[in-house]
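Take a look at the model below.

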Amino acid sequence: MNLSMKNFMTFRNLVYDRCGINFESKKIYFVKKRLVSRMEALDLETVEDYFRYLKFCDPKGTEFQELLNLLTTNETYMFREFDQLAVFAEDCLEEVCEKKKKQDNNQIRIWCAGCSTGEEAYTLAIILMEMLEPLRDWNIKIVATDIDTKVLSRARKGEYSPRSVKEVPDEYLDKYLRIAGGSYAVKSIVKKLIAFKHLNLMDTKQLKSAEQFDFVFCRNVLIYFDDASRKEVVNQFYEHLDSGGFVFLGHSESIGRISTSFTLRKMGGMIMYQKD
Ligand SMILES: C[S@@+](CC[C@H](N)C(=O)[O-])C[C@H]1O[C@@H](n2cnc3c(N)ncnc32)[C@H](O)[C@@H]1O
């Protein structure tokens, strides 16, 4: 299949407008490979046929979702960016819990945005189970969202390869996961704290119904966006955070340039963003 730069741009714009992911020109081969795969599945010959299919034969967006599932980058593992998680566990969580106790409020709400196959959400659940004392006094809910339906079904299953759990401390591995065949299965005491949901971070209409949170984790997601889409998403985080709540991004990501709404907090060599 020949994918001209013009056709690549048409396609690039479609993906960008719908979900904020920004493919630069050098990604033409990556995109082409995925287009070919979908065209073969539908028995379509040319890329023009495929565009027409998306435009006129896909009223519910089922095919676009199939394609999107091939285009997202889903790299993740449990206890990724361990040092940042330590600051969350030892500093930020304590600060928020102290505030909650004074307000006589026992709810802790976390939004794991761009959760991929679920490892990050399960990591956060394990940290809460370890840190909150006594655990039974707290009402915990983690909402984990992604645009990719394929990764969400794997997340709901919660079964992982040894590679995904390599950073999990041994004592947590025994306590919160069990070996099932050659893989590790997350125990139901952890699973029940999490609701996995399909959500496009660029869909402001869908986001309107989202609840309020104490923490937003959106790590290694905004790197795939440009500044304009990052700004829209970060504004949504601000809207859906309670005052005193924190945003955690990946180590190569920053919102300093695109939003001045948050107070920048430095703890343990890490940078977090807090709503006043
Ligand atoms: C590299 S993974 C990050 C996983 C995890 N947060 C971590 O840091 O290990 C990025 C995820 O963001 C999701 N994503 C990309 N664009 C999105 C959008 N517009 N709305 C929701 N999720 C999106 C992708 O499907 C992918 O699963």
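Domain bounds here come from an automatic or database domain assignment. On that basis, the chain is divided into domain 1 (5-71) and domain 2 (82-274). The model is predicted.

**Domains**

The C-alpha centres of domain 1 and domain 2 lie 30 Å apart. Their contact takes 7 residues from domain 1 and 12 residues from domain 2. Which helix gives the largest share of the side of domain 1 that touches domain 2? That is helix α4 (residues 62-71), with 3 residues. By class, this side of domain 1 has 3 nonpolar and 4 polar residues. No charged residues are found on this side.

**Ligand shell**

How many residues surround the ligand? The count is 26. The closest are T72, T76, G114, S116 and I147. Both domains take part: domain 1 (5-71) and domain 2 (82-274) each supply at least three residues to the shell. By class, the shell holds 10 nonpolar, 10 polar and 6 charged residues.

**Helix pairs**

Two packed helices are described by the angle between their axes and the distance between the axes. The table gives both values for two pairs.

| Helix pair | Angle between axes | Distance between axes |
|---|---|---|
| α2 (residues 28-42) and α3 (residues 47-56) | about 75 degrees | 10 Å |
| α5 (residues 82-102) and α6 (residues 119-131) | about 40 degrees | 11 Å |

Start with α2 and α3. Their angle is about 75 degrees. Angles of 65 to 115 degrees count as roughly perpendicular, so α2 is roughly perpendicular to α3. On the α2 side, the contact uses L35, R38, M39 and L42. On the α3 side, V47, Y50 and Y53 meet them. By class, this contact has 6 nonpolar residues and 1 charged residue, with no polar ones.

Now take α5 and α6. These helices pack at about 40 degrees. Is the pair oblique or roughly parallel? Angles under 35 degrees count as roughly parallel, and α5 and α6 are therefore oblique to each other. The crossing of α5 past α6 is right-handed. From α5, the contact draws on L85, F88, A89 and L93. From α6, the contact draws on T123, I127 and M131. The class count for α5 with α6 is 6 nonpolar, 1 polar and no charged residues.

Key
Residues are numbered from 1 along each chain as its sequence is written. This is a predicted model: local features need pLDDT of at least 70, side-chain atom pairs count only at pLDDT 80 or more; totals for chains, interfaces and linings use all residues. Axes are lines fitted to C-alpha atoms, for helices over the stretch in contact, and angles run from 0 to 180 degrees between N-to-C directions. Helices (H or I, at least four residues) and strands (E, at least two) are DSSP runs, numbered from the N terminus. Angles under 35 degrees count as roughly parallel, over 145 as roughly antiparallel, 65 to 115 as roughly perpendicular and the rest as oblique. A crossing is left-handed if the near helix is turned anticlockwise from the far one by less than a right angle, and right-handed if clockwise. Two residues are in contact if their C-beta atoms, placed from the backbone, lie within 7 Å. Ala, Val, Leu, Ile, Met, Phe, Trp, Tyr, Cys and Pro count as nonpolar, Asp, Glu, Lys and Arg as charged, and the others, Gly among them, as polar. A residue is near a molecule or strand if its C-beta atom, placed from the backbone, lies within 6 Å of it.
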